[in-house]
Amino acid sequence: MLPGATQSKKKDGTVYYRSGITYQNKHISLGSYPTETDAHNAYLEASELLSTPAISLEQKLFHQTALPFEKTVTLMNFRDNNIYIKTPIYLHTNYFSYYLSAKEELKFDIDDLFFYSTHKILKRGGHLFVNEYGMQTSILSRYGIRSFAVAGRDYLFVNSDATDYRYSNILIINRYYGVTSAIRKGKPCYEVRLHIKGNHLIGVYKDETDAAIAYNKAADLAAAHGIQKNFYENYIPDLSAKEYAKIYSCLKLSKKFLQYLDSL
């Protein structure tokens, strides 16, 4: 058997070959291959990468290799940073890169290293998510950004780099359902709208928390008037139940919206 290759069989009896290498007393699986030669070539390439510091990650990612790109990233990070991470992460001085593909690099703060070293990022329809507790969770939720939020309207990448997910680069503009920040008469405010066969203006508020609660109140009134729609609810974790109820009862909603409900 060629170095680095071992023969295995699937349940149906089909023969395939595993490839592996030992580096710094750690055995690393390099994947499964259809032929002994393929498995051997993966081993040879891994051996070259691990023993040749002059080969850079950027140089290797943009050339066809016998190894999957994820394994290439993992090996080169282990070689350069002495840390073995199963997911395609490469460590830098103050941040790390997570490679979705050879040409797609995301940047994260070191604080997120443990999470992404144990959670693989998946991409579907332009959305990035991880499988967590049996659910598909958007990576934006880690920043308090709603799943249906729109970049440029509800949040911004400060340096205009949509691949830079470091906390200092993400600015949340609108954090609550139905609430949009605005400027009126030169002063910041929060507009609240509820969608019922079109967008209805609920009111304009100076405080973002008041605006979020106003949306909840409008949704409750709509439901009380027989509108059967699953409205989202804004959660305000910083308020006690008593504080929330006090604000809720005092908030005034648009007369036009109330008249609309009464006409139903």
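Visitor: Is Arg-142 buried, partly exposed or exposed?
Guide: Arg-142 counts as partly exposed, at 32% relative accessibility. Buried means under 20% relative accessible area, exposed over 50%, and partly exposed in between, with a 1.4 Å probe and protein chains only. This is a predicted model, in which local features need pLDDT of at least 70, side-chain atom pairs count only at pLDDT 80 or more, and totals for chains, interfaces and linings use all residues. Side-chain values use heavy atoms, without hydrogens and water, and residues are numbered from 1 along each chain as its sequence is written.

Visitor: Which side chain does Arg-142 meet in a salt bridge?
Guide: The partner is Asp-112, at 2.8 Å from N to O. A salt bridge is a side-chain nitrogen of Lys or Arg within 4 Å of a carboxyl oxygen of Asp or Glu.

Visitor: And Asp-112, buried or exposed?
Guide: Asp-112 counts as buried, at 1% relative accessibility.

Visitor: How many salt bridges does the structure hold?
Guide: There are 11 salt bridges. One of them joins Lys-123 and Glu-104, at 2.6 Å from N to O. Lys-123 lies in strand β7 (residues 122-124) and Glu-104 in strand β6 (residues 104-109), so this pair ties together parts 19 residues apart in sequence. Strands (E, at least two residues) and helices (H or I, at least four) are DSSP runs, numbered from the N terminus.

Visitor: What about Lys-107, which residue is its salt-bridge partner?
Guide: Lys-107 pairs with Asp-161, the closest N and O atoms being 3.3 Å apart. Lys-107 is buried, with a relative accessible area of 13%, whereas Asp-161 is partly exposed at 24%.
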